[in-house]
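Student: Hello! I am new to this structure, and I would like to explore it with you step by step. Could you show it to me?

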Amino acid sequence: MRFPQDFVWGAATASFQVEGATTADGRGTSIWDTFCATPGKVENGDTGDPACDHYNRYRDDVALMRELGIGAYRFSVAWPRIQPDGRGKPLRAGLDFYDRLVDCLLEAGIEPWPTLYHWDLPQALEDEGGWPNRDTAKRFGDYAEIVYTRLGDRITNWNTLNEPWCAAFLGYASGVHAPGRREPAAALAAAHHLMLGHGLAAAAIRDLGSRSGRTPLVGIVHNQTTVRPYTDSEADVDAARRIDALRNRIFTEPLVKGRYPEDLLTDVAAITDYGFVEDGDLETISAPLDMMGVNFYNPSWVSGSRENGGSDRLPPDEYSPSVGSQHVVEVDPGLPVTAMGWPIDATGLYDTLTRLANDYPGLTLYVTENGAAFDDKLVDGAVHDTDRIAYLDAHLRAAHAAMEAGVPLKGYFAWSLMDNFEWALGYGKRFGIVHVDYESQVRTVKDSGRWYSRVVRDGGIIGQR
């Protein structure tokens with residue numbers, strides 16, 4: 001099962017999850033620093049230090065990627081390292097770090113794929129209202145211009161945002177992510193302003209690239225998923241439609257078609273009239289995408305009836321991220337699960353990719369995150385993570401099948417390169433294909449890492465896993 005020769009094989013991380021060094025060289029405070037410092041918000045009181053100490057150990061990590069044969073590294077830039085307060089003159093030390101990282105990657109023959117925002121908003125901007133505040137989108141455009149000006153001469157592929165659904169609805173509706181607010185109307189405003197920030201950042205990057213004779217490719221990373229009704233009852237079918245609108249189409253429709261779904265606007269009419277959308281916003285948001293990144297972990301089964309149970313993963317009622325549809329519950333389909341409790345079903349990736357290709361013809365796609373957490377054990381210097389190998393194998397086969405069905409999928413990034421800080425779950429969940437001992441910072445390639453390395457070098461899955 002081979003992939004095209006120019007298929008991009010990568011691995012991904014995020015700044016707050018791996019860098020550590022949260023007070024080094026003038027870095028400002030992010031909303032995740034504040035969230036971690038708030039008792040009860042993160043399991044075990046874990047924080048973003050030391051994480052994987054990638055800020056100091058990036059050369060070793062790049063050498064490890066080269067050893068594994070990984071061709072592209074998707075990382076994120078920490079906004080507080082560049083502008084500690086989210087505005088004004090950039091911090092030279094922060095830009096210097098990413099400058100060194102990019103040069104190191106290129107020297108190793110690894111293509112850098114930066115994401116400008118992976119949830120670590122400068123706390124100073126949150127103090128002024130955060131993403132529900134329109135000004136944050138403007139500040140994000142300025143920040144993008146700063147980063148591209150410094151790094152754009154060596155980087156082609158840029159992503160603006162990572163998973164705006166999480167930033168908006170886990171951060172401002174359910175409150176289980178930073179900044180921990182539970183304000184449904186603010187969450188919808190945040191979702192729009194994140195999209196506006198994407199549009200402003202994309203415009204800045206393209207303008208700077210054009211003026212310097214370069215053609216940067218700009219995209220956005222979205223945790224698009226397949227939402228399935230638990231039964232064929234009217235209530236469950238409507239529940240799936242509602243969550244699909246709030247999870248998927250609230251982002252893809254304005255991005256590609258320059259409009260919000262009418263059914264979404266109806267569902268949330270009692271919460272907001274969408275008055276935060278100003279003239280010209282949707283034109284800015286819907287400038288043509290060069291690519292869309294798809295982060296996929298599992299499909300979801302939902303029900304409009306609490307009689308069908310519900311998952312502990314979603315807070316009930318008023319603390320649900322399902323703004324306007326708080327009655328909807330996520331239901332356990334009875335499948336094997338990862339350590340996160342997420343059901344394992346690779347057909348969801350096939351369905352997600354083929355749907356995007358059918359709904360938005362011509363949109364170039366990348367799987368920018370795909371992976372699984374399991375209860376890995378380091379025994380005698382090895383991690384025999386056969387469950388993760390099976391998960392990655394099944395999802396790569398689903399991706400290949402989608403390509404055979406005509407999906408313009410151009411690359412795949414395993415999540416994650418290495419174990420790291422898993423947000424509100426702290427260091428208790430491990431997604432990496434490389435094991436990290438957080439005390440010694442020793443890296444150990446897991447069996448899945450060696451399996452993925454063979455896939456990359458073979459250009460596909462050859463023989464049995």
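Student: Which residue in E10 is the bridge partner of Met-292?

Tutor: A quick note to start: this is a predicted model, where local features need pLDDT of at least 70, side-chain atom pairs count only at pLDDT 80 or more, and totals for chains, interfaces and linings use all residues. Residues are numbered from 1 along each chain as its sequence is written, and side-chain values use heavy atoms, with hydrogens and water left out. Strands (E, at least two residues) and helices (H or I, at least four) are DSSP runs, numbered from the N terminus. Strand E7 (residues 291-295) and strand E10 (residues 365-369) run parallel and are joined by four bridges, and in E10 the partner of Met-292 is Leu-365.

Student: In what order do the strands of the barrel come?

Tutor: Two strands pair if DSSP finds at least two bridges between them. Eight strands close into the barrel, and their pairing is parallel. The order is E1-E2-E3-E4-E5-E7-E10-E11.

Student: Which strands stand at the edges of the open sheet?

Tutor: This sheet has three strands in the order E6-E8-E9, with mixed pairing. Three bridges join E6 to E8, and these two run parallel. Each edge strand has a single partner strand, so one side of each is left without a neighbour in the sheet; they are strand E6 (227-229) and strand E9 (329-330).

Student: Which side chain joins that of Ser-300 in a polar contact of 3.4 Å?

Tutor: Ser-300 lies in strand E8 (residues 300-303). It is buried, at a relative accessible area of 8%, where buried means under 20%, exposed over 50% and partly exposed in between (1.4 Å probe, protein chains only). A polar contact is a pair of N or O atoms within 3.5 Å; within protein, one must be able to donate a hydrogen and the other to accept it, and residues adjacent in sequence count only if both atoms are side-chain atoms. The partner of Ser-300 here is Glu-330.

Student: With which side chain does Tyr-148 make a polar contact?

Tutor: Tyr-148 is found in helix H7 (residues 134-151) and counts as buried, at 1% relative accessibility. Not counting residues up to four places away in sequence, Tyr-148 touches several residues, among them Trp-158, Ile-205 and Pro-216 (contact means heavy atoms within 4.5 Å). Its polar contact, at 3.3 Å, is with the side chain of Arg-214.

Student: What span does helix H5 reach from its first C-alpha to its last?

Tutor: Helix H5 (residues 92-107) has 16 residues. The expected span of a helix is 1.5 Å times one less than its number of residues, and for H5 that expected value is 22 Å. The helix comes close to it, reaching 22 Å.

Student: How many disulfides does a search of the whole structure find?

Tutor: A disulfide is a pair of cysteine sulfur atoms within 2.5 Å. For Cys-52, the nearest cysteine sulfur, that of Cys-36, is 14 Å away. The sulfur of Cys-166 is 16 Å from the closest one, also in Cys-36, which is too far for a bond. The number found in the whole structure is zero.
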